[in-house]
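Colleague: Could you take a close look at the side-chain contacts in this model for me? I would like the charged pairs, then the aromatic ones.

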Amino acid sequence: MRLSTVILPIHRWSQGRHIWRRAEDLGFHAAYTYDHLSWRSFRDGPWFGAVPTLTGAASVTQSMRLGTLVTSPNFRHPVTLAKDLITLDDVSGGRITLGIGAGGNGFDATALGQEAWTPKERADRFGEFVALLDRLLTEDSVTERGTFYAADEARNIPGCVQRPRLPFAVAATGPRGMRLAARYGQAWVTTGDPKLYEEGTPEQSVAALRGQIERLGKACAETGREVAELDKILLTGFTPDRSRPLESVEAFVDFAGRHRELGFTEIVIHWPIPDSDFAADQAVFESIATEALSRLG
């Protein structure tokens with residue numbers, strides 16, 4: 001199992017650079033950031049762009065993987081995103097993972113002046129978005145006319161450092177998203193079952209995650225892939241456990257062990273942010289980073 005962190009882009013770079021460097025020093029497999037224009041309770045505070053933040057992170061780290069959790073079509077277009085990703089992959093020396101999802105009805109959904117999409121339209125757009133982005137990152141020139149997205153001789157030379165392209169970590173819980181993960185993903189991402197967040201139990205969450213992984217397996221079988229080919233990433237903080245796994249090293253080891261048994265290969269924990277949903281003791285957090293995996297055995 002791998003342990004990673006997600007660092008929200010809320011810090012001026014004079015402070016943020018030290019956090020990203022510290023994440024590498026602590027031995028995290030990867031450090032991700034959210035790709036939003038603003039997000040929930042952080043809407044009225046500082047919030048910086050994901051791509052410039054990751055570019056800065058690439059310049060102050062050497063080996064840790066970097067990426068988004070997650071990018072969505074809400075305010076991104078495949079053609080411009082592909083150019084940014086190829087550049088990021090080059091700057092980082094081939095360390096970028098693209099977490100990608102369908103998006104939701106948060107602030108990003110209407111920030112460009114558009115009406116929020118229906119769930120069906122989000123799913124339709126997401127399918128076209130992922131397929132076109134896959135082509136843009138693997139072909140030198142792409143011309144495509146889709147229902148929602150188009151490219152006209154879009155050039156992406158020299159392509160990604162990682163071949164045939166940088167990996168996709170596809171966030172999905174529904175059948176259409178699962179099929180996209182099975183077809184295009186090198187990893188699958190989940191935050192658990194959102195219906196259980198408020199009133200569910202940890203046991204119900206584990207059962208729901210088990211069901212998600214079973215459905216992922218069926219989607220992989222339909223596309224002729226082995227589900228073992230995909231890394232399975234759990235972004236924590238959104239299950240009924242909430243922040244309890246970060247209360248102690250022992251609590252985290254118990255949490256991680258239960259989810260490793262389900263088949264998860266990577267767990268992502270939020271870098272502590274005081275006075276927020278992601279508040280945690282920094283010393284305990286760092287002890288988890290340096291000690292927890294060795295205790296899993």
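Predicted model: local features only at pLDDT ≥ 70, side-chain atom pairs only at ≥ 80, totals over all residues.

Modeller: Glu139 forms a salt bridge with Arg135, and their closest N and O atoms are 3.0 Å apart. Glu139 is partly exposed, because its relative accessibility is 29%. Arg135 is partly exposed too, at 25% relative accessibility. Arg135 also has a salt bridge to Glu144. There the closest N and O atoms are 2.6 Å apart. Glu144 has a relative accessible area of 29%, so this residue counts as partly exposed.

Next, Arg242. This residue forms a salt bridge with Glu198, with the closest N and O atoms 3.6 Å apart. Arg242 sits in the loop between strand S9 (231–235) and helix H7 (249–262). Glu198 sits in the loop between strand S8 (187–190) and helix H6 (202–223). The pair therefore ties together parts that are 44 residues apart in sequence. Arg242 is partly exposed, at 30% relative accessible area, whereas Glu198 is exposed, at 60%.

There is a network as well: salt bridges link Lys120, Asp124 and Arg176. The salt bridge count comes to 17.

Now the rings. Searching the whole structure gives twelve aromatic pairs. One of them is Trp39 with Phe238. Their ring centres are 6.5 Å apart and their planes stand at 85°, so the pair is edge-to-face. This pair links distant parts of the chain, 199 residues apart. Trp39 is in the loop between strand S2 (30–33) and helix H2 (50–60), and Phe238 is in the loop between S9 and H7. Both partners are buried: Trp39 has 10% relative accessibility, and Phe238 has 15%.

Trp271 and Phe285 make another pair. Their ring centres lie 5.0 Å apart, with the planes at 70°, so this pair is edge-to-face. Trp271 is in the loop between strand S10 (266–270) and helix H8 (282–296), while Phe285 is in helix H8 itself. The two parts tied together are 14 residues apart in sequence. Trp271 is buried, with 8% relative accessible area. Phe285 is buried at 0% relative accessibility.

Last, charges over rings. Arg43 lies over the face of Phe107, 3.9 Å from the ring centre. Arg165 lies over the face of Phe168, at 3.6 Å from the ring centre.

Methods. Residues numbered from 1 in each chain as written. Heavy atoms only, no water. Salt bridge = Lys/Arg side-chain N within 4 Å of Asp/Glu carboxyl O. Buried < 20%, exposed > 50% of the residue type's maximum accessible area, 1.4 Å probe, protein only. Helix = DSSP H or I, 4+ residues; strand = E, 2+ residues; numbered from the N terminus. Phe/Tyr/Trp six-rings, centres within 6.5 Å; stacked < 30°, edge-to-face > 60°. Lys NZ or Arg CZ within 6 Å of the ring centre and 35° of its normal.
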